[in-house]
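Open the model in your viewer and keep the selection panel at hand. Each stop below says what to select and what is there.

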Amino acid sequence: MDNLTHSLTGLMLSRAGLNRFYPRATLLLIVAANIPDIDFVTITRGPLFYFEQHRGITHSIAALPVMALLSVLVACAFGRTMRGWLPAWGLAGIGVASHLLLDWTNTYGIRLLFPFSSQWFHLDLINLFDLLVWAALLLGWLGPMMGKLVSSEIGARAGAGQGMAIFALSFFLIYDFGRFLSHQRAVEILNSRVYHQGPPTQVAAFPTAGINPLEWLGWIERPEFVMHFLVNVRQEFDPEAGSIIYKPAPGPAIDAARQAQPFKVFLGFAQYPLWSVSAADSPEGAHDVNVTDWRFPFGATALVGSSNRVISSSFHYGTNTTAKE
């Protein structure tokens with residue numbers, strides 16, 4: 001999830017009642033809810049290295065106590081005292097756990113078992129940015145501020161915002177559970193159809209850019225092609241209405257590209273790889289080999305010569321290429 005969502009979640013956890021256990025609980029929980037993203041410092045070694053490390057060790061269960069302790073040290077540094085560090089460590093653990101949980105719910109995923117396993121876990125329930133989640137959390141944050149303004153005008157006592165915080169967190173949980181049920185239904189719909197006279201070998205459903213929790217981007221794979229659809233779980237689904245992308249035939253150019261470092265790194269992440277091979281402008285007999293993940297616009301590119309040796313390769317975000325090997 002984005003850092004605004006993580007920060008507001010930490011704030012809501014504090015206002016919901018955890019601020020009773022430590023004097024600087026709000027600061028502590030906001031820091032803890034964001035600190036796994038400290039892996040951003042790896043960008044100093046280049047985009048490919050950052051891509052390889054992102055959502056790895058700092059986002060793992062094994063590192064949770066360490067990330068929590070770092071958060072405590074930050075809060076204690078602001079307070080200039082280590083008093084109460086042990087209960088603060090427990091609160092920070094909750095904040096870090098909230099980060100891991102939220103990142104697990106989206107499409108990018110998280111490597112919870114790193115370094116013992118590089119498996120990616122992703123529930124595909126919500127996007128990295130979700131407008132309804134933002135709305136609920138912002139209401140939980142700004143609602144008490146507006147309440148204080150009104151209370152000051154009428155001379156009443158203002159609330160501390162606990163009720164609004166509990167509402168925001170409750171909405172978040174209920175919303176995610178509803179998305180889970182809708183997602184399961186979308187996957188069942190995709191799995192229950194045949195596509196060009198054959199069943200799918202793999203299906204997936206991803207959140208759309210809109211706010212309709214009943215709509216999903218459907219993806220199915222067959223040996224010769226992949227198809228993608230807009231799936232609404234309350235409407236009739238037509239398995240012939242999707243866009244079709246044919247796979248290139250396996251060959252030595254793809255085998256050569258797989259050995260390049262950008263491809264090795266990217267294929268360690270990609271859950272739904274899409275390959276393309278086309279003739280290069282130069283040198284003669286060379287091929288451009290590309291692989292992307294259907295979920296995202298980034299991927300790896302290689303120029304493979306006529307002797308099936310990699311001339312150059314790169315990792316790219318969007319249409320810009322970087323990290324050439």
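The lining of the largest pocket divides into 11 nonpolar, 2 polar and 4 charged residues. Here Ala, Val, Leu, Ile, Met, Phe, Trp, Tyr, Cys and Pro count as nonpolar, Asp, Glu, Lys and Arg as charged, and the others, Gly among them, as polar. The model is predicted: local features need pLDDT of at least 70, side-chain atom pairs count only at pLDDT 80 or more, and totals for chains, interfaces and linings use all residues. Residues are numbered from 1 along each chain as its sequence is written, and side-chain values use heavy atoms, with hydrogens and water left out.

**Largest pocket.** The volume of the largest pocket is about 400 Å³. Select Tyr50, His54, Arg55, Tyr108 and Leu128: of the 17 lining residues, they are the closest to the centre of this pocket. A pocket is an open set of points on a 1 Å grid over the protein atoms alone, where a 1.4 Å probe fits, with protein on both sides within 12 Å along at least five of seven lines; lining residues have an atom within 4 Å of a point. A volume is the space filled by probe spheres set on the points, which are joined across faces, edges and corners.

Tyr108 lies in the loop between helix 5 (85-105) and helix 6 (131-154), and Phe296 in the loop between strand 6 (287-293) and strand 7 (299-304), so the pair ties together parts 188 residues apart in sequence. Helices (H or I, at least four residues) and strands (E, at least two) are DSSP runs, numbered from the N terminus.

**Charge over ring.** Select Arg179 and Trp216. Arg179 lies over the face of Trp216, 4.5 Å from the ring centre. The rule asks for NZ of Lys or CZ of Arg within 6 Å of the ring centre and within 35 degrees of the ring normal.

**Second largest pocket.** This one has a volume of about 300 Å³. Select helix 5, which gives the most to the lining, with 7 residues.
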